[in-house]
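These are my notebook entries on a structure that was new to me. I set down what I looked up, in the order in which I looked.

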Amino acid sequence: MAKTLPEGGELISLEVNPKHAKVRLSLRLLLIPLTDPAQISEENIAHAGLSSKAKVLLGPALETLPTLSPSPPFDLVFIDADKDNNGPYFQHARKLVRTGGVIIVDNVVRNGRVANPEITTSDILGIRKLLQIIKEDKGVEATTIATVGDKGYDGFTYILVREGI
Ligand SMILES: C[S@@+](CC[C@H](N)C(=O)[O-])C[C@H]1O[C@@H](n2cnc3c(N)ncnc32)[C@H](O)[C@@H]1O
């Protein structure tokens, strides 16, 4: 993602796990589609020569999100951390993304567990809370796109911000 940024563009990753933030993997792994959080490491970013465009903020995202300036606003936010906090992450993202920007939230289907009322684990409740917040937000339009892989079936919600900052 950082490689495709235009001049002046910036990618910020929020990561709570120091190991994921620091560990160095090979450049080859950085270039393939990201499936391991370790691939977003600071050292990989430096190794790829992208330090001027990408950085990692270490700490719980609920603590690092309020430190981000909305000026200039963000074009894209991708949320894929602890699902319990999906609602607050989305609400923070709304304060950072410009009109016409996009927020993507991964893992909103979870093999059908999100739609199963018998399941009330904190992660599933967090995803339901997020979907409720999106439903009530008149400033966005959203659709969920299904994905199928070796971990079963899932989906991500693609949210177009109609009324941003
Ligand atoms: C599923 S992985 C993200 C994978 C990443 N999107 C990728 O494609 O490489 C979830 C990551 O969220 C991090 N995480 C979990 N809770 C967090 C929190 N409260 N704040 C910031 N990061 C968190 C985990 O340490 C883990 O690295």
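Entry 1, strand pairing. I began with A146, which stands opposite G155 in β6. The model is a predicted one, and I read every entry below with that in mind. Strand β5, residues 140–149, pairs with β6 in the antiparallel sense, and I noted ten bridges between these two strands. I then looked at the turn and recorded that β5 and β6 form a hairpin with two residues between them.

Next I asked which residue of β6 I103 stands opposite. I found I159 in that position. The strands concerned, β4 and β6, run antiparallel and are joined by four bridges.

I followed β4 to its pairing with β3, which is in the parallel sense and has five bridges. Within this pair, V77 stands opposite I103 in β4. The chain passes from β3 through α5 to β4, and I recorded this β-α-β crossover as right-handed.

I asked how many residues the largest nonpolar core has. The count is 18, and the residues with the most contacts inside this core are V77, I79, F90, A93, V97, I103 and V105. Five elements are listed as giving two or more residues to it: β3 (74–79), α5 (86–94), β4 (97–105), α6 (122–136) and β6 (152–161).

I took V77 as an example. Setting aside neighbours within four places in sequence, I found V77 in contact with A93, L96, V97 and I103.

I then examined α5 and listed its buried residues as N86, Y89, F90, H92, A93 and R94. I asked what covers these buried residues. The cover includes α4 (61–64), β3, β4 and α6.

I counted six helices and six strands in the protein. Read along the sequence, their pattern is β-α-α-α-β-α-β-α-β-α-β-β. Of the 165 residues, 24% are buried. For contacts between residues at least 6 apart in sequence, I noted that 56% join residues at least 24 apart.

The domain assignment gives domain 1 as 1–59 and domain 2 as 62–165. I recorded four residues from domain 1 and four residues from domain 2 in the contact. On the side of domain 1 that touches domain 2, I found three nonpolar residues, one polar and no charged.

I then looked for departures. The peptide bond from S71 to P72 is cis, with omega near 0°. P72 is found in the loop between α4 and β3.

R110 is not a glycine, yet its phi is positive, at about 55°. N111 likewise has a positive phi of about 55° and is not a glycine. I located R110 in the loop between β4 and α6, and N111 in the loop between β4 and α6 as well.

Conventions. Residues are numbered from 1 along each chain as its sequence is written. This is a predicted model: local features need pLDDT of at least 70, side-chain atom pairs count only at pLDDT 80 or more; totals for chains, interfaces and linings use all residues. A nonpolar core is a set of buried Ala, Val, Leu, Ile, Met, Phe, Trp, Tyr and Cys residues joined through C-beta atoms within 7 Å. A residue is buried if 20 or more other C-beta atoms lie within 10 Å of its own, exposed if 12 or fewer, and partly exposed in between; C-beta atoms are placed from the backbone. Two residues are in contact if their C-beta atoms, placed from the backbone, lie within 7 Å. Two strands pair if DSSP finds at least two bridges between them. Domain bounds come from an automatic or database domain assignment. Ala, Val, Leu, Ile, Met, Phe, Trp, Tyr, Cys and Pro count as nonpolar, Asp, Glu, Lys and Arg as charged, and the others, Gly among them, as polar. A crossover is right-handed if, with the strands pointing away from the viewer, the path from the first strand over the helix to the second runs clockwise.
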